[in-house]
Amino acid sequence: MNETKAIRALRRGDEAALVWLLERYAGYVNAVLTAVLGADPDREELASDVFLALWTHAGQVEPGKVKAWLGAVARNKARDALRKRRPSLPLEEDVLTLAAPGPEEAMGEREQADCLRAAVLAMEETDRDIFLRHYYLCQTVAVIARDLDMNPSTVKARLRRGREKLKKTLREGGFLDEEQHF
Amino acid sequence: MKSNISDLMDRWPGPVPPLEDQPVADLDALRARTLEKVRAQGKRTKGRRVPRAVVLAAVLAACVVLAGAATGQLQAVLTRDWRHDTLVSSPEEAAADAARRAEETGENMAYGWINPNGDPPVPLEEMVEKARAKSASWDTGDCIGGTFGPLINQWTGPEVTDQTGAVWSRTIHGVEQGHSPLSALFPRKYTKYEYTARTPADLDTVLSGLVTPDTDWLTETFTAPDWANFYYRIYDSRQVLRGEVCHLLYTLPEGRYVQLSYGYAPGETFSSSYLMESHYDRAETYTSATGLEAVIRTKNGILWADTATPEFLLSLYGGYLTVEEAEAILDHISVELAPED
């Protein structure tokens, strides 16, 4: 079995393929859930929900991109769980006013995602790691500082730098409302 | 539209953050819990079936109409059920076979046969143009509907999800209206995930694996015109697979070509029809090296080859393709159908 065969079998409703993928990626899904939630007892339940989503949406998952897809689903489920407990996440947030989507909404969102990707990938490596830990995995400044052995103020400074870079790229791409001042 | 950065990251397209795998404490429990949820979901969706008429029309549309309508092959007797699999030498033999089947099943079925009209093959240029109709209007939606039966007449879209690489994808939504007051109140909704690719080998990366053409051999043996292929899967609103359809076009020197098409509708059953040997220049059955049992026949430059199971049809439509070439193609196609319940 390889990933391509597994996804094909999954689309035909083959439970063995699901088990094969689960055994292959359970460790990664658990890592994402733990990164967001910490040692939370609900992780196993959420992990089974992640693989149930893979079963349900097998038609949308492309071979070779399963790990990324599972990671994104795990992150979003963990983030939702976190929000249920704490409606306001302890993140260094800036409210962005995004340009209203036009009639070609789907295309606009795709371009926006491409722009976001370009902005984050353009960050210096450590800044990018901190940025993703904070805004993608919802880790607090304190946790990042502990894990990376940094001063919290340094983490905050690097986050600020990342945010400015993101806004600049989004603005240049036409994805921020021009009336907004930062 | 106001958004904060963590919301924006919901659409983060990767790469994934570098995380070390963290072993699950009880993998057996996770496996068991997940399968429990999968089976519970299956029970909830049981009983929602696409009407037989819709699925029948889908498979017919996939495997017959594209080639048949173009060639005028469907001029003869239409029957209630079709399956291109029984060669007979006379109408009497068909009647006797139908009577035998009725005795076995306890059900009297109408029967008939396809009568080719003797027209020559569709010119290659026209076949290529037809095969590119989808890719030519990928982002305009000019050609998105009509392939899944008469009851679904509200296809909307397309939502193009990729039109940059060697494989393009888009999503189409469909509503089955039906004729009853209840179906009008609660129309069933379907989603069609469509793909077209530069070459069949590129398209192979998104196929479900139900049918596995040996694209390496096909590519070595034939030429595939760019973007002259098409594949889709249909799911209902519960994300249950309702069918898939694929068309691949290959060409040979001197205007010769072959179009390979297949359609699959899980959970449905199709009965058979008859082919009259005398209507063709040549007609025979063939079992491929991969175990496919097919009926191959030719008339005036056209070759048809069909292989069918109760829920699956695969066909070749060839322009000046030889029987031997058709057999070689069938030898390089594997079909993996899920076991019946």
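# Exercises on a predicted two-chain model

Among the contacts in chain B between residues at least 6 apart in sequence, 65% join residues at least 24 apart. The structure is a predicted model, and the exercises below work through both of its chains.

## Exercise 1: The make-up of the chains

Task: Find how many helices and strands chain B has, and then describe the secondary structure of chain A.

Solution. Step one is to take chain B, which has 10 helices and 16 strands; of its 341 residues, 38% count as buried. Step two is to turn to chain A, whose secondary structure comes to 8 helices and 1 strand, and whose elements run α-α-α-α-β-α-α-α-α from the N terminus on.

## Exercise 2: H1 and H2 of chain A

Task: Determine whether H1(A) is parallel or oblique to H2(A), and name the residues that make the contact.

Solution. Begin with the geometry: the axes of helix H1 (residues 3–11) and helix H2 (residues 15–37) of chain A come within 7 Å and cross at roughly 135°. An angle counts as roughly perpendicular from 65 to 115 degrees and as roughly antiparallel over 145, and therefore H1(A) is oblique to H2(A). The crossing in which H1(A) passes H2(A) is left-handed. Next come the residues, with A:Ala6, A:Ala9 and A:Leu10 on the side of H1(A) and A:Ala17, A:Leu18, A:Trp20 and A:Leu21 on the side of H2(A). Sorting the contact of H1(A) with H2(A) by class gives 7 nonpolar, no polar and no charged residues.

## Exercise 3: The buried side of H10 of chain B

Task: Identify the buried residues of helix H10 of chain B, and state what covers them.

Solution. The buried residues of helix H10 (residues 323–331) of chain B are B:Ala326, B:Ile329 and B:Leu330. These residues are on the same side of H10(B), because they cover an arc of only 100° around the axis. An α-helix has 3.6 residues a turn, so residues three or four places apart point the same way. What covers the buried residues of H10(B) includes strands E10 (256–264), E12 (282–287) and E13 (293–299) of chain B, and also strands E14 (302–309), E15 (312–319) and E16 (333–335).

## Exercise 4: Single residues

Task: Decide whether A:Cys138 is buried or exposed, and do likewise for B:Trp227, A:Leu116 and B:Glu254.

Solution. The step of reasoning needs a cut-off: a residue is buried with 20 or more other C-beta atoms within 10 Å, and exposed with 12 or fewer.

- A:Cys138, in the loop between H6 and helix H7 (141–148) of chain A, has 22 C-beta neighbours inside 10 Å and so counts as buried. Its phi is near 60°, a positive value in a residue other than glycine.
- B:Trp227, in the loop between helix H9 (215–221) and strand E8 (229–236) of chain B, counts as buried because it has 22 C-beta neighbours inside 10 Å. B:Trp227 has a positive phi of about 55° although it is not a glycine.
- A:Leu116, in helix H5 (residues 105–121) of chain A, is buried, with 21 other C-beta atoms within 10 Å. The C-alpha atoms of A:Leu116 and A:Thr169 are separated by 7.8 Å, although the residues are 53 apart along the chain.
- B:Glu254, in the loop between strand E9 (241–252) and E10 of chain B, is exposed, with 7 other C-beta atoms within 10 Å.

Note on methods: Residues numbered from 1 in each chain as written. Chains lettered and ligands numbered in written order. Predicted model: local features only at pLDDT ≥ 70, side-chain atom pairs only at ≥ 80, totals over all residues. Helix = DSSP H or I, 4+ residues; strand = E, 2+ residues; numbered from the N terminus. Arc of directions from axis to C-beta. Contact = placed C-beta atoms within 7 Å. Axes fitted to C-alpha atoms, helices over the stretch in contact; angles between N-to-C directions. Parallel < 35°, antiparallel > 145°, perpendicular 65-115°, else oblique. Left-handed = near helix turned anticlockwise from the far one by under 90°. Nonpolar A, V, L, I, M, F, W, Y, C, P; charged D, E, K, R; others polar.
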